[in-house]
Amino acid sequence: MLQTAQRTAKSKGKKGAPASLGEAAAGKAAPPHDRFLEAFRWMLLARTLEEKLVSLYRGGQITGGVYIGKGQEAVSVACGIFLEKGDIFAPLIRDQAGRSAFGEPLIDVTRTYLGSRLGPMRGRDGNIHRGRPRDNQLAMISHLGAMVSVTVGALMAKRFRGEKGFIGLSCIGEGGMQTGSFHEGMNIAAVEQVPLVVVATNNHYAYSTPNDREFACHDLIDRAIGYGFEGYTVDGTDLANCLDVIGGAVKRARAGRPPQLVVASILRLSGHGEHDDASYVTDEIKREPFARDCLKVTEQTIVDLKLVDTETLAEWRRDAATQVDEAISTAQKEAAPEGDEEDWCAISTRDLVDSLE
């Protein structure tokens with residue numbers, strides 16, 4: 001299975017991939033089509049998982065909210081797939097594809113959503129504020145712009161310890177880009193010249209607020225020069241473009257270039273959360289090129305270029321469904337936290353499940 005192969009490879013200190021894809025055993029870079037197919041499988045796994053979570057939510061089996069990344073998977077997977085052991089990753093609520101490519105086990109996701117006391121949040125959080133500090137995946141906070149500063153702080157800590165060759169990647173939406181904490185984080189990143197990549201996804205609505213009520217500049221990438229960043233734009237519906245542009249930004253940051261800002265253009269293909277019907281999205285904007293479904297676009301590209309046959313695609317879908325079902329079944333059988341048995345101390349103290357040593 002894809003998740004199993006990925007975990008095995010990471011235990012050897014290398015980025016994992018499905019057995020038929022990914023990097024060669026000798027450590028050579030994966031051919032472009034192999035990287036493309038690997039990324040597609042992570043996208044497919046994320047979509048399959050989130051569709052199942054939506055079903056559970058609508059069936060009353062998930063308490064709290066469900067927030068999915070439908071339409072954002074190509075951007076997200078490109079954020080996680082190029083990161084290496086020792087890198088810092090700060091994903092957000094729509095970054096399941098990137099989380100999976102970076103190494104997050106499916107069981108962490110299902111345990112968090114279903115309230116298992118064995119999950120990384122011990123049943124204390126119902127959706128996406130999970131993380132694994134030991135593995136350098138930061139647990140996001142809802143004040144989204146603040147995660148840039150947190151990532152900068154983690155990078156500076158690694159620098160103070162004398163570590164070399166690492167980078168950090170922080171995700172943000174265009175709504176979060178309008179917060180004061182985001183501006184502060186970008187400024188200190190450039191002043192300190194930390195090896196940072198910020199990937200901003202412009203999904204054209206900050207919840208229900210459209211772009212023209214969020215910012216007045218022609219394009220958000222115009223801000224890069226003011227911050228002291230190198231800036232690039234990307235079509236967020238085009239996986240090959242995402243891999244090329246975001247992968248290039250990661251490479252430049254690792255080589256010591258100034259901090260990198262990538263702005264991707266997409267349309268969020270769901271409501272802000274499953275509680276939101278997105279009725280404010282106009283029919284006109286749904287016809288824009290950036291409103292394409294990146295998963296469908298990627299699959300059509302695979303078919304058109306004959307990268308794999310239809311039976312292989314069907315097998316990948318079955319494999320993704322099997323992994324998701326197994327992770328959900330396991331979490332559903334596990335106990336929820338009991339108030340009279342839990343030590344409800346602050347999660348940042350000794351009882352944090354994944355505490356740093």
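Strand S6 and strand S7 (residues 260-265) pair in the parallel sense through 6 bridges. Within this pair, Val234 stands opposite Ala264 of S7. Helix H9 (residues 239-254) packs on the sheet and touches S2, S3, S6 and S7. The direction of H9 makes about 160 degrees with that of S6. The model is a predicted one.

The protein as a whole has 12 helices and 7 strands. It has 357 residues, of which 55% count as buried. Among contacts between residues at least 6 apart in sequence, 71% join residues at least 24 apart.

**The sheet.** Strands of a sheet pair through backbone hydrogen bonds, in either the parallel or the antiparallel sense. Here, an open sheet of 5 strands runs in the order S1-S2-S3-S7-S6, and its pairing is parallel. S1 and S6 (230-235) are the edge strands, each pairing on one side only. On average, neighbouring strands of this sheet are turned by 15 degrees against each other, direction ignored.

| Strand pair | Sense | Bridges | Facing residues |
|---|---|---|---|
| S1 (residues 88-90) and S2 | parallel | 3 bridges | Ile88 and Gly168 |

**Strand S2.** How many of the residues of S2 (residues 168-173) are buried? The count is 6 of 6, and the strand is mostly covered. In a regular strand the side chains alternate between the two faces of the sheet. In S2 both faces are covered: Gly168, Ser170 and Ile172 are buried on one side, and Leu169, Cys171 and Gly173 are buried on the other.

**Ala200.** This residue lies in strand S3. Ala200 has a relative accessible area of 1% and is therefore buried. Leaving out residues up to four places away in sequence, Ala200 touches Ile172, Met177, Leu261, Val262, Val263 and Ala264. Gly175 is 25 residues from Ala200 in sequence, and the two C-alpha atoms are 9.4 Å apart.

**Ser270.** Is Ser270 buried or exposed? Its relative accessibility is 12%, so Ser270 counts as buried, the cut-off for that class being under 20%. Ser270 sits in the loop between S7 and helix H10 (283-286). Apart from its neighbours within four places in sequence, Ser270 is in contact with Ile68 and Ala278.

**Helices H2 and H12.** Two packed helices are described by the angle between their axes and the distance between the axes. For helix H2 (residues 32-58) and helix H12 (residues 310-333), the axes come within 9 Å and cross at roughly 45 degrees. H2 is therefore oblique to H12. The crossing of these two helices is right-handed.

From H2, the residues in this contact are Leu37, Phe40, Arg41, Leu44, Leu45, Thr48, Leu49, Lys52 and Leu56. They meet Leu313, Trp316, Arg317, Asp319, Ala320, Ala321, Gln323, Val324, Asp325, Ile328 and Gln332 of H12. Sorted by class, the contact of H2 with H12 has 12 nonpolar, 3 polar and 5 charged residues.

Key. Residues are numbered from 1 along each chain as its sequence is written. This is a predicted model: local features need pLDDT of at least 70, side-chain atom pairs count only at pLDDT 80 or more; totals for chains, interfaces and linings use all residues. Side-chain values use heavy atoms; hydrogens and water are left out. Axes are lines fitted to C-alpha atoms, for helices over the stretch in contact, and angles run from 0 to 180 degrees between N-to-C directions. Helices (H or I, at least four residues) and strands (E, at least two) are DSSP runs, numbered from the N terminus. Angles under 35 degrees count as roughly parallel, over 145 as roughly antiparallel, 65 to 115 as roughly perpendicular and the rest as oblique. A crossing is left-handed if the near helix is turned anticlockwise from the far one by less than a right angle, and right-handed if clockwise. Contact means heavy atoms within 4.5 Å. Ala, Val, Leu, Ile, Met, Phe, Trp, Tyr, Cys and Pro count as nonpolar, Asp, Glu, Lys and Arg as charged, and the others, Gly among them, as polar. Buried means under 20% relative accessible area, exposed over 50%, partly exposed in between (1.4 Å probe, protein chains only). Two strands pair if DSSP finds at least two bridges between them.
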